[in-house]
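Morning, everyone. I have one model to walk through, a few elements at a time. Have a look at it before I start.

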Amino acid sequence: MQFLLSFDPWLVALSFIVAAFTSLTALDLAGRLRAAEKAARYVWLCGGALAMGGGIWSMHFIGMLAMKTGGHMQYDLSLTLLSMLAAMLASALALLIVCAPTPTTGRLSVGGLTMGAGVCLMHYLGMEAMLSHTPTGYDPTLFSVSVLIAIGASTAALWLSFYLNGSVRSPLWLRSIAALVMAVGITGMHYTGMAAAIYDTTPFMTHSTTGIAPDYMAITIAGIASGILLIAMLMAVYDSHLVSKTTRLANSLQEANQELRSLALMDPLTRMPNRLAVEQRLESGLVQADDRNTGFAVLFVDLDRFKSINDSLGHHAGDQLLKLVGKRLQSSTRNDDIVARVGGDEFLIVTGNGTSREESTTLARRIIGSLESPFQLDQHIVRTSCSVGISLYPEHGDSAHLLIVHADTAMYRAKDLGRNKLQFYEHGMRSMQDRRNQLEQRLRLALEENSLKLAYQPKVDVDSGRTRGVEALLRWTDTELGEVPPEEAIAIAEDTGLIVPIGEWVLREACSQLERWRTSGLGELTVAVNLSARQLNEKDFVSRVRHILEETGLAPEQLEFELTETAIMQDPDNALRIFRQLDSLGIALSIDDFGTGYSNLSQLKRFPIRCLKVDRSFTAGVTSDHQDAAIVRALIMLAHSLDLEVVAEGVETDAQLDFIRRLKGQQYQGYLYSRPLPAADIGRLITAERGAGSAGAM
Ligand SMILES: Nc1nc2c(ncn2[C@@H]2O[C@H](COP(=O)(O)O[C@H]3[C@@H](O)[C@H](n4cnc5c(=O)[nH]c(N)nc54)O[C@@H]3COP(=O)(O)O)[C@@H](O)[C@H]2O)c(=O)[nH]1
């Protein structure tokens, strides 16, 4: 017998709300379950099955309570518990299914079927639990519809869960809509199932006194609903904690990433872009230039004599200098140029797009000019200069690599041409390494074939204007390479160790020449020979010198060695030992390029030195730069106080000579009197000088 049932609308609404709330919680749980690690997954699974099963079960019994009966309904305890167990097992199964990483159709179908069956089992066991109002049968159509709704709703719920908990968690509004759809399914199934019930008698007119009373049932339902609410709240709190933790982690990860990225692109000393950064910039510059049909320039800047500053003043000072140089370079460039430090004392500048050859020249000149004024490094004042090589895009290369290599090659050419210069790359210029290899080969050959030459530059007495001695300077004109600048030849010789045999050749040649001049009547001149630190390291250096003096017949008093402060400081103890032996032979020792090496004077004063040579870079500025003038004044005073002679190098003008004279510098050397000349020319010059002297005396 079918009866028309009526329901309390508030309780029906409540049952729907509980269903929706349960669905929302279940969707949330499914997402967490999938993301959870092994142990946490079991906790979420148990908690989820309890909450979800309990929720569905509560919704079902609220629906029962919503049914308006004339009597007092009681529920069978074991069937009620069984129905609850069925709901929870079905939920556990559903959650297990959604744990799987991929939602195959088979998995969804089996899951939907099993869960639907579980929900039906829960529902119809619940119906059976109604004591004295147990249905006697079910309308097959409505029953089938309720089963189909249960399976359909379960499959939809599983599918939604997969869909909404993919790689990215869906927003709350989307999950809420899904939960509402699921709630419609669950409540739809429930009320269809209730409508399917057939009773023999008018239901609910009788009273039962056994089983669970509706009051207890309401309390149980309220308890379970509160439990779900609690779990949902706990999840929300956990969620916000997780979100803030994740946000914090994400932020610090982002910061760490940024830091790593900037470190990878930054030179740690100067905090300027590094080689990688400039290469990236070059790559994008190439693309831009092609798009706009323009060009740009790459400038390779290398400091001159940085090594000697670093060696003599120490790495701290060297580092300070590099930072200051970096700042000056940056302030010499425009905003759209990038300045990077790409090696020890090497900087690379990539100009903004549209830079012409003329603009690159102006920039290179500005850069060279920016390094002209001295640098203050703690208590030291330091001077440096730079050589700049320039390559242009597109003329000199079509890749970042080529442009850098060509700018580098041009920079080495600028160094060969005497430093403190700019040089554009020219096609056919050999790469630095190629040229070095060729130079080394040719230099060895020149030594073997005895084709090296010496030039001599007079060292002139400031008061009398007469030549007191000469400095022997290496000259090399190669048949293939042409005239090779002495600085380049010496640098190769130093690097390859050839400086030892070449130095010995220079010494023998200079001593022989002096003897020839003496025997030809030029009188007692002295000859200064430059020494390299490498020569000092030769075990038998002193005995070789003694042997050459014996061989050539030159008196030791006519020989003088010049050594830079930097060379001495490479191994001061060894230098001191050798200097003492040379001094005891009667050979004089001079400190070359004085003022550029910045050695400590307490070290230097231990050495048997007779003379300080003021570096030509200071002499050049004595009449134009008050700092240079102050430095030369201080150096000469220092030499006087240590009872040493002073030779001012690089005197090119009368004004410079006057300055040296006023300070009582004893000797000078420079183009003013004579450039370095071949031996024959020097012979003639001194002969003329002597003749003029005797004529004057007469
Ligand atoms: N170990 C050895 N070093 C050597 C030897 N021969 C030369 N050298 C060193 O090479 C450097 C370059 O020498 P060079 O190009 O010969 O330059 C010398 C002079 O030409 C130059 N000079 C002299 N007067 C002036 C001047 O008025 N203006 C000006 N611009 N330059 C001038 O100075 C150089 C001499 O310097 P120094 O030796 O410091 O007195 C140079 O460092 C040589 O030392 C060698 O055989 N062995």
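In α13, the buried residues are L439, L443 and A446. Buried here means 20 or more other C-beta atoms within 10 Å of the residue's own; exposed means 12 or fewer; partly exposed is in between, and C-beta atoms are placed from the backbone. Down the axis of α13, its buried residues fall within an arc of 60°, so they line one face of the helix. That arc is taken over the directions from the helix axis to the C-beta atoms. On the face turned away from the buried side, α13 carries exposed Q433, D434, Q441 and E448.

A word on the ground rules. This is a predicted model: local features need pLDDT of at least 70, side-chain atom pairs count only at pLDDT 80 or more, and totals for chains, interfaces and linings use all residues. Residues are numbered from 1 along each chain as its sequence is written. Helices (H or I, at least four residues) and strands (E, at least two) are DSSP runs, numbered from the N terminus.

Back to α13. It has 17 residues, which should span 24 Å at 1.5 Å a residue, and its end C-alpha atoms are 24 Å apart. Expected span means 1.5 Å times one less than the number of residues.

What follows α13? A loop, between α13 (432-448) and β12 (453-461), and N450 is found there. Phi of N450 is near 60°, positive in a residue other than glycine. N450 is exposed, with 9 other C-beta atoms within 10 Å.

N420 also has a positive phi, near 55°, and is not a glycine. N420 sits in the loop between α12 and β11. N420 counts as partly exposed, because it has 17 C-beta neighbours inside 10 Å.

Next helix: α8, residues 275-292. It has 18 residues and reaches 25 Å from first C-alpha to last, close to the 26 Å expected at 1.5 Å a residue. Which residues of α8 are buried? They are A277, V278, L282 and G285. Those residues cover an arc of only 135° around the axis, which puts them on the same side of α8. The face turned away from that buried side carries exposed E283, S284, V287 and D291.

Now the sheet. Strands of a sheet pair through backbone hydrogen bonds, either parallel or antiparallel. Here, 5 strands form an open sheet in the order β6-β7-β5-β10-β11, with mixed pairing. The edge strands, each pairing on one side only, are β6 (338-341) and β11 (422-424). Neighbouring strands of this sheet are turned by 20° against each other on average, direction ignored. For pairing, DSSP must find at least two bridges between two strands. For angles, axes are lines fitted to C-alpha atoms, for helices over the stretch in contact, and angles run from 0 to 180 degrees between N-to-C directions.

Take β10 with its two partners. β5 (296-304) and β10 (385-393) pair in the antiparallel sense over 9 bridges. L303 has C386 of β10 as its bridge partner, and L299 stands opposite I390 in β10. On to β11: β10 and β11 run parallel, joined by 3 bridges. There, I390 stands opposite F424 in β11. How much of β10 is buried? 8 of its 9 residues are, so to speak, under cover. 

P394 is in the loop between β10 and α12 (400-416).

D302 counts as buried, because it has 21 C-beta neighbours inside 10 Å. D302 and G344 are 42 residues apart in sequence and 9.0 Å apart in space, C-alpha to C-alpha.

β18 (611-614) and β19 (645-648) pair in the parallel sense over 4 bridges, with L612 opposite V646. β19 also pairs with β20 (667-668), again in the parallel sense, over 2 bridges. In that pair, V647 stands opposite Q667.

Last, the ligand. How many residues surround the ligand? There are 23, and the closest are L474, P486, N530, G670 and Y671. A residue counts as near if its C-beta atom, placed from the backbone, lies within 6 Å. β13 (467-478), α14 (486-496), α15 (499-519) and β17 (588-594) each supply at least two residues of that shell. The shell divides into 8 nonpolar, 7 polar and 8 charged residues. Nonpolar covers Ala, Val, Leu, Ile, Met, Phe, Trp, Tyr, Cys and Pro; charged covers Asp, Glu, Lys and Arg; the others, Gly among them, are polar.
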